[in-house]
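Trainee: I would like to go through this model and ask what lies behind each label.
Mentor: Go ahead; ask for the value and the cut-off each time.

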Amino acid sequence: MKELQIKKKNKQFFIETWGCQMNEEDSEKLSGMLKKQGYTKALVREYADLIIFNTCCVRENAELKVYGNLGALKKLKEKNPELIIAVCGCMMQQKDMAEAIIKRFPFVDILFGTHNAYKFPEYLNRVKQEAKSVIEVQDKEDGIVEGVPIDRESDVKAFVTIMYGCNNFCTYCIVPYVRGRERSRKPEDIEKEIEDLVSKGYKEITLLGQNVNSYGKDLEPKVTFAELLRRINKIENLERVRFMTSHPKDLTDDVIEAISECDKLCEYIHLPVQSGSTNLLKKMNRNYTKEQYLDLIYKIKKAIPDVAISTDIIVGFPGETEEDFEETLSLAKEVQYDSAFTFIYSRRKGTPADEMEDQIDDTVKHDRFNRLVEVINASSAQKNKEYEGKIIDVLVEGLSKNDEAKLMGRSRTGKLVNFTGDKGSIGKLVNVKITKANSFSLVGEQI
Ligand code: 5AD
Ligand code: SF4
């Protein structure tokens, strides 16, 4: 390690990211800005001159991980007082959090929020000149800042944010408080970014937003999400388009039609249900009933043959009775999800659900969680089985993680496929015959 430190010329940075794709994308922007300043990426924290923690606060355990990791940085800072430590992301947007962090971890040099992350280079310069920590958290979101350089993780597929923030205020969720109100990027800016990615060889784009179905409502002139999808579908040499996240209350027929008609839009929808109980959905402020959600699922399945559907489900929301939970189980069995992110309800300060009286006991929450995971795993395995013997399109992303003799990629429906094939196919679309289905992935051979 010593030798490496002597040899290195450029300053190195290391970013640790917790949370959702939005945070991943923010980290890619931080990385892009730093590379522009001459920094290079460190392989491990220990080699870095600058460490950034991009935090998440959607559930309590995401926060606990940040505290644990910050504690571990104290020793590194003692060994190398020149090391700069920055903390950013959603946690910073919580009231008084930045002050609490600096009190508990006084060795942190820079704290900034989600709304002003694009100003990070400025804060970095300041901390190098001033002998005190820089704390810059804004309550209000700035307008959308275009043109921030992005250093992307993959050369094959990219995330493109189409809108920021959320207006929904589901009663359990902290996101609207830390990410601000909905703001849409202009369609021209989105198209330009995608065209630029395609010219660099990217094949697949995932459009990101907390609630993509309300895209464009704030624009002048208004643009619907379906219109945006149809415009993006026209971009030459782009192969695949995905998007997330859709809110069931806003997923309109024109979006379903666009998916069924546009060749680049993949047959995959992430449609968080959160609960199968209409009573709980009301307490969660979700604005749909179990029946309306199921009707939507049938509409989607009818319009888009072989569509894959995934979801998010929370167990143990305040007041969830055994009957409510069984409604969730019955819904999951009926939908037959391809996959689901399952969560144990976590109390978040400042949200209405945290104030609700009938909080659920931890053992009950864990028991329900395990029962739900069993149902989800069974449908995932069943859905994957349907692929055995089929020949499908796979976009090759790289070498397989568990076996470097194999390649890995994804189907249009988002299934992870490990397969034997030609290493020259990385970055390309190939045909793969599926020979075996596991619970969470498919196995095959390139043909
Ligand atoms: N507790 C548990 N899960 C939550 N989610 C959001 N807030 C909470 C919370 N307080 C889940 C929802 C959402 C996903 C991103 O995180 O299911 O769709
Ligand atoms: Fe949170 Fe609901 Fe907005 Fe999703 S739609 S980010 S769950 S408030």
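Trainee: Where does Thr-55 lie?
Mentor: Thr-55 is part of strand β3. Bear in mind throughout that this is a predicted model.

Trainee: Why is Thr-55 called buried?
Mentor: Buried means under 20% relative accessible area. Thr-55 has 0% relative accessibility, so Thr-55 counts as buried.

Trainee: What makes Ile-52 buried?
Mentor: Ile-52 also sits in strand β3, and its relative accessibility is 0%, so Ile-52 counts as buried. The C-alpha atoms of Ile-52 and Val-108 are separated by 9.9 Å, and these residues are 56 apart along the chain.

Trainee: Which residues does the UniProt annotation "binding site" cover?
Mentor: In the unreviewed UniProt entry that annotation covers Cys-20, Cys-56 and Cys-90.

Trainee: What makes you say that they cluster in space?
Mentor: They are spread over 71 residues of sequence, yet the largest C-alpha distance is 10.4 Å.

Trainee: Is Cys-20 buried, partly exposed or exposed, and why?
Mentor: Partly exposed lies between the two limits, under 20% for buried and over 50% for exposed. Cys-20 has 39% relative accessibility, so Cys-20 counts as partly exposed. Cys-20 is in the loop between β1 (12-17) and α2 (21-36).

Trainee: How do you know that the span of helix α11 agrees with what it should be?
Mentor: Helix α11 has 14 residues (residues 290-303), and at 1.5 Å a residue they should span 20 Å. The end C-alpha atoms of α11 are 20 Å apart, so the two values agree.

Trainee: Which residues of α11 are buried?
Mentor: Lys-290, Tyr-293, Leu-294, Leu-296, Ile-297 and Ile-300 are buried in α11.

Trainee: Why are the buried residues of α11 said to line one face?
Mentor: Down the axis of α11 the buried residues fall within an arc of 155°, so they line one face of the helix. An α-helix has 3.6 residues a turn, so residues three or four places apart point the same way. The face of α11 turned away from the buried side carries the exposed residues Asp-295 and Lys-302.

Trainee: Which residues are around ligand 2?
Mentor: They are Cys-166, Asn-168, Phe-169, Cys-170, Tyr-172, Cys-173, Val-175, Pro-176, Gln-210, His-247 and Arg-286. By class, the shell around ligand 2 has seven nonpolar, three polar and one charged residues.

Trainee: How is the protein divided into domains?
Mentor: There are domain 1 (12-136), domain 2 (157-385) and domain 3 (391-446). The C-alpha centres of domain 1 and domain 3 lie 36 Å apart.

Definitions and conventions: Residues are numbered from 1 along each chain as its sequence is written. Chains are lettered from A and ligands numbered from 1 in the order in which they are written. This is a predicted model: local features need pLDDT of at least 70, side-chain atom pairs count only at pLDDT 80 or more; totals for chains, interfaces and linings use all residues. Side-chain values use heavy atoms; hydrogens and water are left out. A residue is near a molecule or strand if one of its heavy atoms lies within 4 Å of it. Ala, Val, Leu, Ile, Met, Phe, Trp, Tyr, Cys and Pro count as nonpolar, Asp, Glu, Lys and Arg as charged, and the others, Gly among them, as polar. Domain bounds come from an automatic or database domain assignment. Helices (H or I, at least four residues) and strands (E, at least two) are DSSP runs, numbered from the N terminus. The expected span of a helix is 1.5 Å times one less than its number of residues. Buried means under 20% relative accessible area, exposed over 50%, partly exposed in between (1.4 Å probe, protein chains only). The arc is that of the directions from the helix axis to the C-beta atoms. UniProt positions are given in the numbering used here, feature names are shortened, and annotations may be inferred rather than shown by experiment.
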